[in-house]
Amino acid sequence: MKQLKTEALATARLQTPIGALRLAASGEGLCTVLFAEDPRELPEGGGSGSARTHLDRACTALDAYFTGRRQTFEGVTLAAQGTAFQHEVWRALSLLPFGETVSYAQLAKRIGRPAAARAVGLANGRNPIPIIVPCHRVIGANGALTGFAGGLPTKKWLLEFEGALPRGLAFPPGNRP
């Protein structure tokens, strides 16, 4: 896996309805979105002009998403680090429409690997660009909310916001945060 040079990263903090998000972009595109509770550190930095441009586009797109003015993230250049399989899963995630959910098994079938639901789940869990690559839209086969880097309450909020879950729906038994 290619290591990013931290001095080349542009970083920003964006206040959202789900808390502060920390973002980082390189000259190649957006490479990280971290939730407030994520303990990983991002270097403070302005980065190159192209890194700053990618970061500004991502922040603008996320702001538009959270204010209901945007449902897709076309035009945001991504530069996530991962394996070929992870990138395949992340591309499939990026095609999931706003307000729709899919199970790990369904996503595995969509990428032509019907027996790889667990591997799809692992790749989903390693998505470094949540929300923009909408891993929150993946749920358990029984409809249960499953793990999410931002926590289950955040996943529930995002799915309610997108209309994939009725607002105010209680967590099912055994599926509480």
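Predicted model: local features only at pLDDT ≥ 70, side-chain atom pairs only at ≥ 80, totals over all residues.
**Entry 1: helix α1**

I then checked the length of α1, which covers residues 49–66.

Next I asked which residues of α1 are buried. I noted A51, H54, L55, A58, C59, A61, L62, A64, Y65 and F66. For background, I recalled that an α-helix has 3.6 residues a turn, so residues three or four places apart point the same way. What covers the buried residues of α1 includes the strands β1 (10–16), β2 (19–26) and β3 (29–34), together with helix α5 (152–161).

**Entry 2: S26**

I located S26 in strand β2. Is S26 buried or exposed? Its relative accessibility is 7%, and because buried means under 20%, S26 counts as buried. Leaving aside neighbours within four places in sequence, I found S26 in contact with A8, L9, C31, S50, A51, H54 and A79.

**Entry 3: helix α5**

I turned to α5, which is mostly covered, with 8 of its 10 residues buried. The buried residues are L152, T154, K155, K156, L158, L159, E160 and F161. Their cover includes α1 and β5. After α5 comes G163, and I noted that its phi is positive, near 85°.

**Entry 4: C135**

I consulted the UniProt record, where an unreviewed entry places the feature "active site" at C135. In the model, C135 is found in the loop between α4 (117–125) and β5 (138–139). I recorded a relative accessibility of 6% for C135, so this residue counts as buried. Not counting residues up to four places away in sequence, C135 touches L93, N124, N127, P130, F148 and K155. I had already listed K155 among the buried residues of α5.

**Entry 5: aromatic pairs**

How many aromatic pairs does a search of the whole structure find? The search gives 9. I examined the rings of Y65 and F66: their centres are 5.0 Å apart and their planes stand at 80°, so the pair is edge-to-face.

Y65 also forms an edge-to-face pair with F98, at 6.1 Å centre to centre and with 75° between the planes. Y65 lies in helix α1, while F98 lies in the loop between α2 (84–94) and β4 (102–103), so this pair ties together parts that are 33 residues apart in sequence.

I compared the accessibility of the two partners. Y65 has 0% relative accessibility and therefore counts as buried, whereas F98, at 21%, counts as partly exposed. I also noted one aromatic cluster formed by Y65, F66, F73, F98, W157 and F161.

**Entry 6: the whole chain**

Finally, I looked at the chain overall. I counted 5 helices and 5 strands, which run β-β-β-α-α-β-α-α-β-α from the N terminus on. Of the 177 residues, 46% count as buried. Among contacts with a separation of 6 or more, 57% are between residues 24 or more positions apart. The accessible surface comes to about 9100 Å², and 53% of it belongs to carbon and sulfur atoms.

Note on methods
Residues numbered from 1 in each chain as written. Heavy atoms only, no water. Helix = DSSP H or I, 4+ residues; strand = E, 2+ residues; numbered from the N terminus. Expected span 1.5 Å × (residues − 1). Buried < 20%, exposed > 50% of the residue type's maximum accessible area, 1.4 Å probe, protein only. Contact = heavy atoms within 4.5 Å. UniProt positions renumbered as here; feature names shortened; annotations may be inferred. Phe/Tyr/Trp six-rings, centres within 6.5 Å; stacked < 30°, edge-to-face > 60°. Areas by Shrake-Rupley, 256 points an atom, 1.4 Å probe, with all protein chains shown as cover.
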